[in-house]
Amino acid sequence: MKTFLISMRLGLGLLMFWGGIHALHADISVRISVKFILNSDGTRPTGSGIDISTTAGFQAEVDWGNQVLAATGRGVKLSVVEYLDIRPSAPSGQPSDYWYNLNARTNRQLFESAALADTTTTTWRWNSTALNIYVNNSSSGSCSFVGSGSSISLGGTIFTQGTVVHEIGHFFNLRHTHANDVDCSTTPGPYAPANGDSLAATINDHNCLNTIDALSAANFGGRVFSALTAEEQAQVNSSWLNVMSYHVESQLLDDQMDIWSDNANVSRLFVCSGRTWFVSTAGFDIWLGDSAFAPFRTVSRAVSAVGTADDVILIRSGSYTVPESISTACTLRATRGPVTITRQ
């Protein structure tokens with residue numbers, strides 16, 4: 001009987017196959033198809049500030065998103081499978097630059113509807129196995145939640161680093177840390193923070209609280225961030241640094257990644273190269289195992305469910321046994337404490 005400790009809080013993965021353990025790992029890739037909408041004269045969108053109107057500019061946002069995802073230790077990464085230029089014709093009666101300048105933030109469904117109506121896929125280049133992102137000459141952007149579409153529309157100018165992974169978070173059904181989404185230029189304060197995502201892990205937020213001191217004061221009786229205890233500061237950072245806020249957008253929490261994985265495993269599986277299988281000592285092997293809320297109990301049951309070498313088996317803290325002879329390629333990960341596995 002062989003026992004070994006797997007401690008993977010920082011994202012170390014182990015690729016298990018053919019009866020052995022090797023210091024390798026795979027990742028679940030989220031396939032992305034990026035389309036730049038050209039003007040009628042063939043020019044690409046232009047951007048300012050954080051400019052994603054170029055391949056390099058957009059890829060920089062993808063790279064930022066991958067840094068955020070790597071820090072979660074969940075084995076998920078963004079992968080652009082194609083950058084394409086498209087030049088769709090304007091609808092009848094509209095100016096030739098209609099699609100080029102259409103407000104991306106408020107018209108995502110129009111882009112998607114036009115793309116799906118292009119049954120030959122030669123104009124809009126819809127990719128049925130990827131997350132379709134359309135970039136035009138406007139600013140900001142919008143994403144469809146699960147059940148309301150399958151695309152993202154973005155302008156060439158975005159306002160904060162992390163916008164792309166923020167919108168992809170919506171694609172996997174993550175909500176804002178703040179409730180509502182008011183226009184701060186026309187809505188006078190004071191701004192009362194609220195729970196936008198229904199998660200206890202994130203502190204109440206408001207999109208118009210634009211400094212960490214303002215967010216701190218709104219939640220902790222007027223005290224600024226430096227006056228808080230370390231525990232209180234961590235609570236503030238749960239929203240201030242959160243990808244799904246309108247603030248720094250640099251971290252995703254375990255509870256958020258559980259929601260991401262639950263949707264990636266089912267309704268959004270068509271853009272993913274693999275699944276996450278959940279294992280917990282509190283689970284049952286008769287459960288489906290593809291949700292954080294219905295985990296398997298044993299690693300062996302999860303291994304039997306694996307479909308591709310990119311699948312990730314996410315193990316909750318505890319002790320487990322596995323057979324000596326495992327012949328399925330998969331990655332084991334643990335993000336909530338050490339895991340001890342005994343091979344029999």
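**Reading the pocket, cavity and backbone**

Me: What makes up the lining of the largest pocket, and which residues lie nearest its centre?
Reply: The lining of the largest pocket consists of 22 residues, and Arg105, Ser140, His176, Asp181 and Tyr246 are those nearest its centre. This is a predicted model, in which local features need pLDDT of at least 70 and side-chain atom pairs count only at pLDDT 80 or more, whereas totals for chains, interfaces and linings use all residues. Residues are numbered from 1 along each chain as its sequence is written, and side-chain values use heavy atoms, with hydrogens and water left out.

Me: Why is one space called a pocket and another a cavity?
Reply: On a 1 Å grid over the protein atoms alone, a cavity is a set of points where a 1.4 Å probe fits but cannot get out, while a pocket is an open set with protein on both sides within 12 Å along at least five of seven lines; lining residues have an atom within 4 Å of a point. The largest pocket holds about 540 Å³ of space, and the largest cavity has a volume of about 50 Å³. The structure has one cavity of 30 Å³ or more.

Me: Which elements supply the lining of the largest pocket, and which gives the most?
Reply: Strand S8 (141–143) and helix H4 (163–171) each contribute at least two residues to this lining, and H4 gives the most, with four. Helices (H or I, at least four residues) and strands (E, at least two) are DSSP runs. By class, the pocket lining has seven nonpolar, nine polar and six charged residues.

Me: Why is H4 described as largely enclosed by the rest of the structure?
Reply: Buried means under 20% relative accessible area, exposed over 50%, and partly exposed in between (1.4 Å probe, protein chains only). Nine of the nine residues of H4 are buried, so H4 is largely enclosed by the rest of the structure. Among the buried residues of H4 are His166, Glu167 and His170. Just after H4, Asn173 takes a positive phi of about 75°.

Me: What lines the largest cavity?
Reply: The residues lining the largest cavity include Ile28, Val76, Trp260, Cys272 and Arg275. Helix H7 (residues 254–264) provides the largest share of this lining, three residues, and by class the lining has five nonpolar, four polar and one charged residues.

Me: Where is a cis peptide bond found?
Reply: A cis peptide bond joins Gly189 and Pro190, with omega about 0°. Pro190 lies in the loop between H4 and helix H5 (212–219).

Me: Why is Trp287 called partly exposed, and which residues make the nonpolar surface patch?
Reply: Trp287 has a relative accessible area of 32%, and is therefore partly exposed. Trp287 sits in the loop between strand S10 (276–279) and helix H8 (299–305), and together with Phe284 and Ile286 makes a nonpolar surface patch of about 350 Å². Patch residues have over 30% relative accessible area and no salt bridge, with nonpolar side chains joined within 5 Å and like charges within 9 Å; a salt bridge is a side-chain nitrogen of Lys or Arg within 4 Å of a carboxyl oxygen of Asp or Glu.

Key:
Grid points are joined across faces, edges and corners, and a volume is the space filled by probe spheres set on the points. Ala, Val, Leu, Ile, Met, Phe, Trp, Tyr, Cys and Pro count as nonpolar, Asp, Glu, Lys and Arg as charged, and the others, Gly among them, as polar. Accessible areas come from the Shrake-Rupley method with a 1.4 Å probe; for residues, only the protein chains shown count as cover.
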